[in-house]
Amino acid sequence: EKGGYDHFMLKEIHEQPNAYRNTMLGRIDESGRKVVFPGLNLSDEKIRSINSIHVIACGTAYHAGLVGGAAIERLVRIPVSFDVASEYRYRSPLITPETLVIVVSQSGETADTLAALREAHANGAHVLAITNVVGSSIARDADDVIATLAGPEIAVASTKAYTSQLIAFYLFALYMAQARGTQTEEEVAHIVAAMQALPEQVESMLENSDAIKAYAEQISTHEHLFFIGRGLDYAVAQEGSLKLKEISYIHSEAYAAGELKHGTLALIEEGIPVIALATQESVLEKTVSNIKEVKARGADVMAITHEEHVAGLLKSVDQAFAIPKTLPLLTPALSVVPLQLLAYYASLARGNDVDKPRNLAKSVTVE
Ligand code: F6R
């Protein structure tokens, strides 16, 4: 049942290339220049009337929403807000018929997410669900559903569902951009081509996981560590930190790299591991400054970056791990993979039950 893997989590990490392919299947037309969503109720006219987007989810799905919502904001230029589902209803959000609410849920059964969806509906919003279970409560209640075709996810720690949610979001952002004319056909084709290359890039990373495994063993003896990054790297840092916490039980925090000096830097002491995501070129120099801040306080820094930056970064970090190159917007679909493996191997090194971490359930049906 685990297909030759020791754990469902490792199997599911390795299923990601196919999950990406399946989630794109039938949603890119033959020319590779247009995204299509057969069966979506949302008309182009409706898409043009939307003036705000609320992205709502819990946990890992929320972290996918952070990346996905950023992609929409960048490509479509509509303001996007983000809420964890358990907070949404209680802040009296501004919901109108021109609001598009996107709920993200692997299981489609998360109680808080379902309640948020109902709140949005009651206020006239159009609700789109991105979910892995098409027969789920959330899928049934939503006005529209985009299925992530990741296949069943058994491990409590979500991996292939997260990355498939990213793919679904990228496609939907392009779809909206087409309807609103915010990206040219050339631009859409360019992004689509980069997306189609992702599965093989993930495969190449999975074939070279030894360095991450060794690093996981190194951090497994620590009780505290930090993830830092800027922009989309910060969003991925949050997912990496959650993954590590839930299965290795190592305490970690994800910080926007520029925010450390506003308090958290006080926690940096000799030998503490800091994992710096440094893939976003537009803010790379700033991230390097922040890396130097922690290095100066004795942190042991591992950077995740692109090959071309490894030599430069090695002047300020202790180790660097290179990931394949894609468009900055799509990089989370690659940079999260070493973090999934890191959590997996750290959990393994600590002798934990990787697939069934303590205190957690796969589907959270209580508020
Ligand atoms: C973390 C994890 C959880 C879920 C969260 C939402 O690995 O699995 O954080 O992402 O409970 O679950 P769904 O997506 O089913 O709504």
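**Close-up views of a predicted model**

View 1. A polar side-chain atom of Ser 107 comes to 2.7 Å from a ligand oxygen atom. The model is predicted. Glu 246 also contributes a polar side-chain atom, placed 2.3 Å from an oxygen atom of the ligand. On its own, the ligand has 410 Å² of accessible area, and the protein covers 89% of it.

View 2. The largest pocket holds the ligand. The ligand is surrounded by 14 residues. The closest are Ser 105, Gln 106, Ser 107, Thr 110 and Glu 246. By residue class, the shell has seven polar, five nonpolar and two charged members.

**View 3. An aromatic pair between Phe 37 and Tyr 175.** Four aromatic pairs occur in the structure. One of them joins Phe 37 and Tyr 175 in an edge-to-face arrangement. Their ring centres are 5.3 Å apart, with 85° between the planes. Phe 37 belongs to the loop between α2 (16-24) and α3 (44-49). Tyr 175 lies in helix α8 (residues 160-180). The pair thus links distant parts of the chain, with 138 residues separating Phe 37 from Tyr 175.

Definitions and conventions:
Residues numbered from 1 in each chain as written. Predicted model: local features only at pLDDT ≥ 70, side-chain atom pairs only at ≥ 80, totals over all residues. Heavy atoms only, no water. Near = heavy atom within 4 Å. Polar contact = N/O pair within 3.5 Å; in protein donor to acceptor, adjacent residues only side chain to side chain. Areas by Shrake-Rupley, 256 points an atom, 1.4 Å probe, with all protein chains shown as cover. 1 Å grid on protein atoms, 1.4 Å probe; cavity = no way out; pocket = protein on both sides within 12 Å on 5 of 7 lines; lining within 4 Å. Sits in = over half its atoms within 2 Å of the grid points. Nonpolar A, V, L, I, M, F, W, Y, C, P; charged D, E, K, R; others polar. Phe/Tyr/Trp six-rings, centres within 6.5 Å; stacked < 30°, edge-to-face > 60°. Helix = DSSP H or I, 4+ residues; strand = E, 2+ residues; numbered from the N terminus.
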